[in-house]
Amino acid sequence: MNHYFEIALCIYLGIGFYLATLGPAGKDINEEIDRARGSSLLNAYLDREPPSEFKLLLFRVAITAGFVLLWPVFIFGIVKAQRKAREESQAFATKLSQGLWFQYLGGYGSINCQDCHHVESITSFTHGRDSSTSGFQCQSCGEFAAIRSGGPGRAADYESTLICGCGGQLDREKVLFCPDCKSQKLKYDMEFIT
Ligand SMILES: [Zn+2]
Ligand SMILES: [Zn+2]
């Protein structure tokens with residue numbers, strides 16, 4: 001009887017140890033240690049010595065032991081968070097491979113078409129003390145527009161209509177394209193950001 005309990009306990013701890021080292025929790029524990037170690041900038045900023053490797057080892061042993069004992073409590077959350085992070089970074093990579101998006105461009109700068117070499121200055125997003133300006137592109141003619149929005153808390157209330165002079169829809173949630181040749185192969189050079 002007692003024997004079964006010991007075997008079950010060994011299996012339980014063995015699984016916990018595997019998950020905490022080679023398994024998915026190992027990555028999280030390593031990140032935790034790195035955070036505790038701090039960057040040289042952070043350590044300089046806090047005016048502290050980086051923690052000694054011995055202290056970090058104790059810390060690692062403590063959180064590993066805690067995890068090995070209680071792994072069923074943590075493992076599902078860890079796996080779920082890692083899967084979500086992986087999906088997000090894949091979605092981000094897919095978006096970036098399609099072209100430029102206003103939401104990932106900062107400030108004011110110029111776009112450069114890699115196909116027809118058209119160059120144009122655009123605003124992606126700038127803000128002053130009580131207003132901001134967001135970039136849009138007409139989905140019909142390709143013209144860029146910089147539209148001011150209302151004060152604090154009203155960043156999505158644009159002061160002018162989101163219809164282009166040509167009657168097309170202005171959008172900032174689509175891949176940017178060259179107004180001249182419609183190519184999505186654009187490069188962005190930021191000139192300033194506020
Ligand atoms: Zn072009
Ligand atoms: Zn237009």
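The legends below describe close-up views of a predicted model of one protein chain.

Residues are numbered from 1 along each chain as its sequence is written, while chains are lettered from A and ligands numbered from 1 in the order in which they are written. Because the model is predicted, local features need pLDDT of at least 70 and side-chain atom pairs count only at pLDDT 80 or more, whereas totals for chains, interfaces and linings use all residues.

View 1. Along the principal axes, the C-alpha atoms fill a box of roughly 85 × 45 × 35 Å.

**View 2. The largest nonpolar core.** A nonpolar core is a set of buried Ala, Val, Leu, Ile, Met, Phe, Trp, Tyr and Cys residues joined through C-beta atoms within 7 Å; a residue is buried if 20 or more other C-beta atoms, placed from the backbone, lie within 10 Å of its own, exposed if 12 or fewer, and partly exposed in between. The largest such core has 7 residues, namely Leu100, Ile111, Cys113, Ile122, Leu176, Cys178 and Leu186. Apart from it lies another core, of 5 residues, including Leu19, Ala20, Ala25 and Trp71. Buried residues make up 12% of the 194 residues in the protein chain.

**View 3. The surroundings of Ile111.** With neighbours within four places in sequence left aside, Ile111 is in contact (C-beta atoms, placed from the backbone, within 7 Å) with Glu120, Ile122, Leu176, Leu186, Lys187 and Tyr188.

**View 4. Helix H2 and the residue that follows.** The end C-alpha atoms of helix H2 (residues 24-37) are 21 Å apart, which agrees with the 20 Å that its 14 residues should span at 1.5 Å a residue, the expected span being 1.5 Å times one less than the number of residues. After H2 comes Gly38, with a positive phi near 75°.

**View 5. Ala44 in helix H3.** Ala44 belongs to helix H3 (residues 40-45) and is exposed, because 11 other C-beta atoms lie within 10 Å. Between the C-alpha atoms of Ala44 and Asn30, which are 14 residues apart along the chain, the separation is 22 Å.

Note on methods: Helix = DSSP H or I, 4+ residues; strand = E, 2+ residues; numbered from the N terminus. Contact = placed C-beta atoms within 7 Å.
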